Amino acid sequence: MVILVDAMGGDSAPESVVNGCIDAVNEADGFEVLLLGDKNKITEILNKRNFKSDRIKIHETTEVITVEDIPTKAIKTKKDSSMVVGFKMLKEKKGDIFVSCGNSGALMAGALLILGRIKGVDRPSLAAIIPTKTGKGLIIDAGLNAVCKPINYYQFGIMGSIYIKAMLGLEKPRVGLVNIGSEEGKGNEVLKQAHTLLSNSKLNFVGNVEGNDVMMGEVDVIVCDGFTGNVLLKFLEGTASFFMHSLRNIFNTNFKTKLSGLMIKKQFMEYRSKLNPEEHGGAPILGVNGLVFKSHGNSNAKTVKNVVIKASKFASDNVIESIKNEFSNMEVGDVEQNL
């Protein structure tokens, strides 16, 4: 398996990306990494780590898509950027999956313009796994589509169910629609129509869920528009960081609390790991003709390591083929006629 990695995407690239890839191949087997970007900078980092394995190779590119770039324009004009080259190599089957911490808008534009949508999919979506009280849940869409139509929520539910079945082994994942109330009939007209489509589907749809239900594990697949999903995801990450910071301050209050902290250090570290966004970073773009993983722009080496390892598992499961099979006979217009 070859994982294509955009070495130049992200706030602290290429350092965090290259170091994360080194850590990934040192920790897990079954894949090689092809780093796309500035050869001199990448080589310098590899040499600093005294990394000699041939499981990491370099493909030199001369341009970088930054957060300031206009997404569609950048994809069309920066032909030798690490991101565009990555998409083209993925399309040409020169790699099995593409990973990037770069410009989200450009990543979406590149996925659509270069890879194209899977037949029957109206809009691709970002699927982010989060920790919950009962295990793990999936937010979809987590940031690609700020405004959605009823059909999009319906399709997000289908793609999310397929993905979480493959990644977590859930046979019949519970699907919920994020709304301002749990009662049927809540929300605006778009959400009401989305509720109708999900209710009439073959999905294990349990109805509307509110924000406080998300972390309680009331559902496995949390369906929402990308605006809501991204706010949910960032809020959860911020809350987790605040909570762990507050706990550390409590344990450092005096001698007794420090002693208490030492007594439960192992449990505390396990709990911190469960809430740490570095452990759960990275989300696939579902609905395009290729395996693409997006990670936060501020991803550090640990996040990149975990994303690369997660991506290798994703590539080994036939998620894309399952989505293609599910959507092969779906016509958006036919579905919308049922409203």
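Predicted model: local features only at pLDDT ≥ 70, side-chain atom pairs only at ≥ 80, totals over all residues.

Student: Okay. How many helices and strands are in the protein chain?

Tutor: The protein chain has 15 helices and eleven strands. Its radius of gyration is 21 Å, close to the 20 Å from the globule rule for 339 residues, so the chain is as compact as a globular protein of that length.

Student: And what box do the C-alpha atoms fill?

Tutor: Roughly 60 × 60 × 35 Å, along the principal axes.

Student: What share of the residues is buried?

Tutor: Buried residues account for 51% of the 339.

Student: Which residues touch the most other members in the largest nonpolar core?

Tutor: That core has 62 residues, and the ones touching the most other members are Cys21, Val33, Leu35, Ile56, Tyr163, Leu286 and Phe314. Helix 6, residues 150-168, gives the most to this core, with ten residues. There's also a second, separate core of 39 residues, and Ala74, Leu107, Cys224 and Ala283 are among its members.

Student: Back to Leu35. What does Leu35 touch, not counting residues up to four places away in sequence?

Tutor: Its contacts include Val5, Ala7, Val17, Val18 and Cys21. Ile42, Ile56, Lys57, Ile58 and His59 are on the list too.

Student: New topic: charges. How many positive and negative side chains are there?

Tutor: There are 41 positive and 38 negative ones, and the centres of the two sets lie 4 Å apart.

Student: Now the backbone. Where are the cis peptide bonds you'd point me to?

Tutor: One runs from Ala13 to Pro14, with omega near 0°. Pro14 sits in the loop between strand 1 (2-6) and helix 1 (15-27). Another runs from Ile140 to Asp141, with omega near 10°, and Asp141 is in the loop between strand 6 (135-140) and helix 6.

Student: I clicked on Asn50 and its phi is positive. What is the value?

Tutor: About 55°, although Asn50 is not a glycine. Asn50 belongs to the loop between helix 2 (39-48) and strand 3 (56-60).

Student: Is Asn50 buried or exposed?

Tutor: Exposed, because its relative accessible area is 56% and the cut-off for exposed is over 50%. Lys93 also has a positive phi, about 65°, and Lys93 is exposed at 72%.

Student: Last one: what about Tyr271, which residues is it in contact with beyond four places in sequence?

Tutor: Phe243 and Met244. Tyr271 lies in helix 11 (residues 265-275) and counts as partly exposed, at 37% relative accessibility.

Key: Residues numbered from 1 in each chain as written. Heavy atoms only, no water. Helix = DSSP H or I, 4+ residues; strand = E, 2+ residues; numbered from the N terminus. Rg over C-alpha atoms; globule rule 2.2 N^0.38 Å. Buried < 20%, exposed > 50% of the residue type's maximum accessible area, 1.4 Å probe, protein only. Lys, Arg positive; Asp, Glu negative; His and termini not counted. Charge placed at Lys NZ, Arg CZ, Asp CG, Glu CD. Core = buried A, V, L, I, M, F, W, Y, C linked by side-chain atoms within 4.5 Å. Contact = heavy atoms within 4.5 Å.
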